[in-house]
Amino acid sequence: MKGLVTCLLVLLVAHQLGHQARAIDCTSVTESLVQCVTYLTGVADQPAAACCAGMKHLTQIAATVADKRAACDCIKKEAERFHNIKEEAATKLPGACGVTISVPISPNTDCSK
């Protein structure tokens, strides 16, 4: 399940269209996605508006390939904290937030690619 969340968030970062000059850091990634935990763990039936805003923000701040890889690594580290992520919720999160990703969600996503 942790891998699914990681992959979902990696894909969101990879799909971003925004531009930003400075490097992304783990604090920014975590702050962007922390509001999604209740949805991803099944506590909430729908993602909070703050979750969706955070996901959209993350897709905008990860502008370069290096930023995307850094965000992916951060997400993997953060996902280790949550052991009860629901696969179905992770799969539905992009659509529920109105974020389109063109790559399928997979627990095998490699951050180096």
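User: Is T64 buried or exposed, or partly exposed?

Analyst: Buried means under 20% relative accessible area, exposed over 50%, and partly exposed in between (1.4 Å probe, protein chains only). T64 has a relative accessible area of 34%, so T64 is partly exposed. T64 sits in the loop between helix 4 and helix 5; helices (H or I, at least four residues) and strands (E, at least two) are DSSP runs numbered from the N terminus. From T64 to I24, 40 residues away along the chain, the C-alpha separation is 9.3 Å.

User: What should I know about the model and its values before going on?

Analyst: This is a predicted model, in which local features need pLDDT of at least 70 and side-chain atom pairs count only at pLDDT 80 or more, while totals for chains, interfaces and linings use all residues. Residues are numbered from 1 along each chain as its sequence is written, and side-chain values use heavy atoms, with hydrogens and water left out.

User: Why does A66 count as exposed?

Analyst: A66 counts as exposed because its relative accessibility is 54%. A66 belongs to helix 5.

User: How many helices and strands does the protein have?

Analyst: There are 6 helices and 0 strands, giving the pattern α-α-α-α-α-α along the sequence. Of the 113 residues, 42% are buried.

User: Which residues of helix 4 are buried?

Analyst: An α-helix has 3.6 residues a turn, so residues three or four places apart point the same way. In helix 4 the buried residues are C51, C52, G54, M55, L58, T59 and I61.

User: Which residues touch the most other members of the largest nonpolar core?

Analyst: A nonpolar core is a set of buried Ala, Val, Leu, Ile, Met, Phe, Trp, Tyr and Cys residues joined through side-chain atoms within 4.5 Å. The largest one has 22 residues, and I24, V29, L40, M55, L58, L93 and C97 touch the most other members. At least two residues each come from helix 2 (26-33), helix 3 (37-40), helix 4 (49-61), helix 5 (65-79) and helix 6 (87-96). Helix 4 gives the most, with 5 residues.

User: What is V29 in contact with, leaving aside its neighbours within four places in sequence?

Analyst: Contact means heavy atoms within 4.5 Å. On that basis V29 meets I24, L58, A71, C74 and I75.

User: At what angle do helix 2 and helix 5 pack?

Analyst: Axes are lines fitted to C-alpha atoms, for helices over the stretch in contact, and angles run from 0 to 180 degrees between N-to-C directions. Helix 2 and helix 5 pack at about 65°, their axes 9 Å apart. C26, V29, T30 and L33 of helix 2 make the contact with A71, C74, I75 and E78 of helix 5.
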